[in-house]
Amino acid sequence: MVTLQELTAFFEKLAPKELAEDYDNVGLLVEGVTDEIEGIVIALDADEKTVLEAAEKGAQLVVTHHPVMFRPVNRLTEGEGGQRTLRRLLQKGIGLYAMHTNYDSAQGGLCDVFLDAFGEFSERSSFAGTEAGIGRIGILKTPCTLADLLKKGKQAFCPNGFLRYVGNENALIDTVAVCNGGGADMIYEAYALGAQVYVSGDCKHHHARFAYENNMNLIEINHYDAEVGFCRQIAEQLQQAFGNKLKVEVSCHEESPWKCI
Ligand SMILES: [Zn+2]
């Protein structure tokens, strides 16, 4: 057993709340009925299936990357998925903790993991020029082609799926900028910072056009594939910190909502 206070202190160290973007909603979003935590279920997104799974497994806390409460919640009915999730949490007395853009930005968090998938870097910083903060830009120790980066991205995140890109496969690249998840709008910042390639997700046509018209390379790794590693990373860090004092499991319902043909 680990107390909720010990756990929140651990999460706060892993992903300090002040690193979250202004629009975000992170931390302890729902308090459960007990502060004595024996089991945790981890998911990228929680829905009512995740909560029922946690209840069946005797877990007292669900930890997610994406916060269930993102837009204002003004009713708690059975009519809408997000509201049902909150109702199940309250009915089952289970707590909910979210680490979102604060975990993206933290040192060793998702942005760092995302950049590391593309090679070894001699210099790296967040878009703001600090060690922690959203996005990462790095100089590769050994320049490589866009084709090499595409291969690495596919291997690391979607070996059985697909990724999309804009640019020239033979372009020689030494400056790589990334922001996992829905960071496509930061392409303009990445360009201004001198990145030759930007890797992100949820790209729209105008992001692709911007890259195309400015001789910039763009790699889109879909949002889910880029971030699902969160579950395994948090599980491992919890196991390292608390060992058998805590039963930690990644949700068995973890899957992308998208299907492709
Ligand atoms: Zn995300």
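Analyst: Here is a walk through the sheet, then its helices, and then the domain around them.

Two notes first. This is a predicted model, in which local features need pLDDT of at least 70, side-chain atom pairs count only at pLDDT 80 or more, and totals for chains, interfaces and linings use all residues. Residues are numbered from 1 along each chain as its sequence is written.

Let's begin with the sheet. Five strands form an open sheet in the order 2-6-5-4-13, and the pairing is mixed. Helices (H or I, at least four residues) and strands (E, at least two) are DSSP runs numbered from the N terminus, and two strands pair if DSSP finds at least two bridges between them. Strand 2 (27-30) and strand 13 (247-250) are the edges: each has a single partner strand, so one side of each is left without a neighbour in the sheet. From one strand to the next, the twist averages 25 degrees.

Strand 4 (residues 39-43) pairs with strand 13 in the parallel sense, over four bridges. Here Gly39 stands opposite Lys247 in strand 13.

Next come the helices. Helix 2 (residues 48-56) lies across strand 4 and strand 5 (61-64), running at about 160 degrees to strand 4. Axes are lines fitted to C-alpha atoms, for helices over the stretch in contact, and angles run from 0 to 180 degrees between N-to-C directions. Residues are in contact if their C-beta atoms, placed from the backbone, lie within 7 Å. Helix 10 (229-242) lies across strand 4, strand 5 and strand 13, at about 170 degrees to strand 13.

Helix 2 also has a helix partner. Its axis and that of helix 3 (residues 81-92) come within 8 Å and cross at roughly 15 degrees. That makes helix 2 roughly parallel to helix 3 (angles under 35 degrees count as roughly parallel). The contact is made by Glu48, Val51, Leu52 and Ala55 of helix 2, with Arg84, Thr85, Arg88, Leu89 and Lys92 of helix 3.

Finally, let's step back. The domain assignment, which is automatic or from a database, gives domain 1 (2-103 + 227-250) and domain 2 (107-221). Their C-alpha centres lie 29 Å apart. Eight residues from domain 1 and seven residues from domain 2 make the contact. On the side of domain 1 that touches domain 2, helix 4 (101-105) and helix 10 are the elements that give two or more residues.

Technical notes
Contact = placed C-beta atoms within 7 Å. Parallel < 35°, antiparallel > 145°, perpendicular 65-115°, else oblique.
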